[in-house]
Amino acid sequence: MSLPSAKSLFVLASLFVSVPAVALAQDVEEIAGALPERVLFVTSGGFWQDAGDDTASRDASAEDETDTTVAEESGAAEMPRGYYRLVVVRGEDNRSLAELQRIELAADGPVLVQSVSLEEIEEIGAYVTDVRPESSTGTSGQPGFSAYIYLKTDPTVSEPDTWSVFVDEFGDIVVEQSSN
């Protein structure tokens, strides 16, 4: 019995690589098809990392090298971390509603851990014309999130108002009209 040719091996290897790609393409189509029609904009970015519930006790014992060594040797679990997602949907009354979400990067994939309505945007009763992250580089040296929301309260006005959404390294959220 002869060994398969290099060409045959290449074709077989290509089939194994393309099978997951086809499955992923079908998943993307399903996910995109499952989005409600009321979703207007989605953007994500920034990052967060929780120190966990025992932050105070760890800070208090930071001077004690014995505690640090025990934690390192025990293989303490990695702190939860993730990114932010800003979602804008069209409400029943056609005004825009905005939610800021924290998404955890879990071992099984992204998990929604918190969702907060941005009351400042919803109280205006406007409709959102665009949402953009402050930076589209995909990386950030500091924890937090920053994005701009462009909205109109009057459809006859040519230029939208700009609002900023800012989350600092502590997770505090500030939503305010931009001054630029």
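1. Strand β5 and strand β6, the latter covering residues 145–152, are paired in the antiparallel sense over six bridges; two strands count as paired if DSSP finds at least two bridges between them, and strands are DSSP runs of E with at least two residues, while helices are runs of H or I with at least four residues, numbered from the N terminus. Within this pairing, the bridge partner of R132 in β6 is Y148.

2. This is a predicted model, in which local features need pLDDT of at least 70 and side-chain atom pairs count only at pLDDT 80 or more, whereas totals for chains, interfaces and linings use all residues. Residues are numbered from 1 along each chain as its sequence is written, and side-chain values use heavy atoms, with hydrogens and water left out.

3. The pairing of β5 with β6 belongs to an open sheet of four strands, in the order β5-β6-β7-β8 and with antiparallel pairing. Because β5 (127–133) and β8 (173–177) stand at the edges with a single partner strand each, one side of each is left without a neighbour in the sheet. Neighbouring strands of this sheet are turned by 20 degrees against each other on average, direction ignored, where axes are lines fitted to C-alpha atoms, for helices over the stretch in contact, and angles run from 0 to 180 degrees between N-to-C directions.

4. Further along the sheet, β6 is joined to β7 by seven bridges, the two running antiparallel, and Y148 has S164 of β7 opposite it. Five of the seven residues of strand β7 (residues 161–167) are buried, so this strand is largely enclosed by the rest of the structure; buried means under 20% relative accessible area, exposed over 50%, and partly exposed in between, with a 1.4 Å probe and protein chains only.

5. Between β7 and β8 there are five bridges, again in the antiparallel sense, and F166 stands opposite V174 in β8. The hairpin formed by these strands has five residues between them, and G171 there takes a positive phi near 90 degrees.

6. Which residues does D130 contact, leaving aside its neighbours within four places in sequence? They are F41, Y148, I149 and Y150, contact meaning heavy atoms within 4.5 Å. D130 lies in strand β5 and is buried, with a relative accessible area of 18%. Its side chain is joined to that of R132 by a polar contact of 2.6 Å, a term for a pair of N or O atoms within 3.5 Å, where, within protein, one must be able to donate a hydrogen and the other to accept it, and residues adjacent in sequence count only if both atoms are side-chain atoms.

7. L86, placed in strand β2 (residues 81–90), is buried with a relative accessible area of 0%. Not counting residues up to four places away in sequence, L86 touches several residues, among them F41, L118, V131 and I149.

8. G45 is found in strand β1 (residues 39–49), and its C-alpha atom is separated by 8.0 Å from that of S146, 101 residues apart along the chain.

9. For the chain as a whole, the secondary structure comes to four helices and eight strands, and buried residues make up 21% of the 180 residues. Among contacts between residues at least 6 apart in sequence, 49% join residues at least 24 apart.
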